[in-house]
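Take a look at the fold below.

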Amino acid sequence: MVWNAPSYQDQFSYVWQHGEGLLSQLNPQAGERIVDLGCGTGQLTAQIAMSGAEAIGLDYDHDMIAQAQANYPQLNFQVANAEDFRVPSPVDAVFSNAALHWVQQPEAAARSIAAALKPKGRLVAEFGGKGNIQTILTALEEVSGQNNLSPWYFPSVGEYSVLLESAGLEVIYISLFERPTALGEAGLAGWLEMFSQRLFSNLSPSEWFELVKAVEAKVPQLYRLESPLEDRKARPTEDRKVKNQKGGWIADYRRLRVVAVKI
C-alpha cells in the first residue's frame, strides 16, 4: 500500500479535522506519553503535543511519516505497523483516528496496543464501523462485477468489544454512529483515486476513468441535513456539524468510537 501523502494532506484534511473532536475524549495531559497510531501527516500528533504531552506519531507508510516530519520537525515520528509496533517503555495512552480500519489483522493490533499501555492506560480511537461507505462499496461492486471488494475492517460494536476484551482491554465507552462526510473539492472521483484505485491496479487509465464515471452515476450526489442519512441515529455532539451544502459529494460514513483501558 502506497499513499500520495501531499495529495492526502491537501485534499483530505477533513480526515484529521473530524478527529479533533476525539481529542477531547483523549484529554491529553502535560507529562503523559501518548502514541498517535496511524498518525498520517501529523496534524493531530501536533495537537496532542500542544497539551504538554510527549507525542509519538506512528504510521505504516514511509511517505506519510516523511510528510509529518517535514510538517513538524520538532516531533517524534516513526514508521511502524499497528499489528506489531513496540515502544521502549509503556505509554499512558494510544490514540488513533481513521486508521484502524486499514489493519488486516485487528487482533494483532489490539494485542500490540495493550502491550504498549501502562496498567490503566487508555485507548481512544475512532475508525470506520459496520456499514461504513456501504453506498460506495455497493456501487463499486455492481459496476466492476466483483464481490467482497472491501479491503477494510469495519466491525460492529459487539465484535470490536469482544476483540479488545480478549486482548486485555476493558471497554468503557463504544458507539457506532452516522457521520455523513463532505468529500470536498476532490469529490467522489478524488476519494476513489486515493482510497480504492489500488483495488483495480489491473485497469488502464481509460478503464479506470470509465469505472469512476459509472460509480458516480450510481451514487447519489447530494444529501441534506434533513435526509434520513442524517437522522437514523444520534451522533456525538461535536459531530453534529455537517453543513447543509447546496451540492457536492457526501459519503455515508459510519464511525466506531471507543475508549478502553488496560486491565
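Predicted model: local features only at pLDDT ≥ 70, side-chain atom pairs only at ≥ 80, totals over all residues.

Start with helix α7, which covers residues 157-166.

## The protein as a whole

The protein has 263 residues, and buried residues make up 53% of them. Its secondary structure comes to ten helices and seven strands. The accessible surface is about 12,000 Å². Carbon and sulfur atoms hold 50% of that surface.

Take the contacts with a separation of 6 or more: 75% of them join residues 24 or more positions apart.

## The sheet

In which order do the seven strands of the open sheet lie? The order is β3-β2-β1-β4-β5-β7-β6, and the pairing is mixed. Two strands form the edges: β3 (76-79) and β6 (169-182). Each edge strand pairs on one side only. From one strand to the next, the twist averages 15°.

Strands of a sheet pair through backbone hydrogen bonds, and the pairing is either parallel or antiparallel. Strand β2, residues 54-59, pairs with β3 in the parallel sense. Four bridges join β2 and β3. Asp59 stands opposite Val79 of β3.

## Helix α4 and its two sides

Helix α4 spans residues 62-71 and lies across β2 and β3. Its direction makes an angle of about 170° with β3.

Which residues of α4 are buried? They are Met64, Ile65, Gln67 and Ala68. These residues cover an arc of only 160° around the axis, so they sit on the same side of α4. The spacing follows a simple rule. An α-helix has 3.6 residues a turn, so residues three or four places apart point the same way. The face of α4 turned away from the buried side carries His62 and Ala70, which are exposed.

## Helix α6 and its buried face

Helix α6 covers residues 134-144. Ile136, Leu137, Ala139 and Leu140 are buried there. Down the axis of α6, these buried residues fall within an arc of 165°, so they line one face of the helix. What do the buried residues of α6 pack against? They pack against α8, α9 and β7 (250-262).

Both ends of α6 are worth a look. Gly145 follows the helix and has a positive phi, near 75°. Ile133 is in the loop between β5 and α6. Ile133 has a positive phi of about 45°, although this residue is not a glycine.

The largest nonpolar core has 31 residues. Leu37, Val94, Ile113, Tyr160, Leu164 and Leu169 have the most contacts inside this core. Eight elements each supply at least two of its residues: β1 (33-37), β2, β4 (91-97), α5 (106-116), β5, α7, β6 and β7. Which element gives the most? α5 does, with five residues.

Val94 shows how the parts meet. Leaving aside neighbours within four places in sequence, Val94 is in contact with Val35, Leu37, Ile113, Ala116, Leu117, Arg122, Leu123 and Val124. A second, separate core has 24 residues. Among them are Ile136, Leu149, Trp191 and Trp249.

Is Ser196 buried or exposed? Ser196 counts as buried because its relative accessible area is 0%, and the cut-off for buried is under 20%. Ser196 is in the loop between α8 (187-195) and α9 (205-218). Apart from neighbours within four places in sequence, Ser196 is in contact with Leu140, Trp152, Trp191 and Trp208.

Ala98 is found in the loop between β4 and α5. Its phi is positive, about 55°, although Ala98 is not a glycine. Ala98 has a relative accessible area of 15%, so this residue is buried too.

Terms used
Residues numbered from 1 in each chain as written. Heavy atoms only, no water. Buried < 20%, exposed > 50% of the residue type's maximum accessible area, 1.4 Å probe, protein only. Contact = heavy atoms within 4.5 Å. Arc of directions from axis to C-beta. Pairing = 2+ DSSP bridges. Axes fitted to C-alpha atoms, helices over the stretch in contact; angles between N-to-C directions. Areas by Shrake-Rupley, 256 points an atom, 1.4 Å probe, with all protein chains shown as cover. Core = buried A, V, L, I, M, F, W, Y, C linked by side-chain atoms within 4.5 Å.
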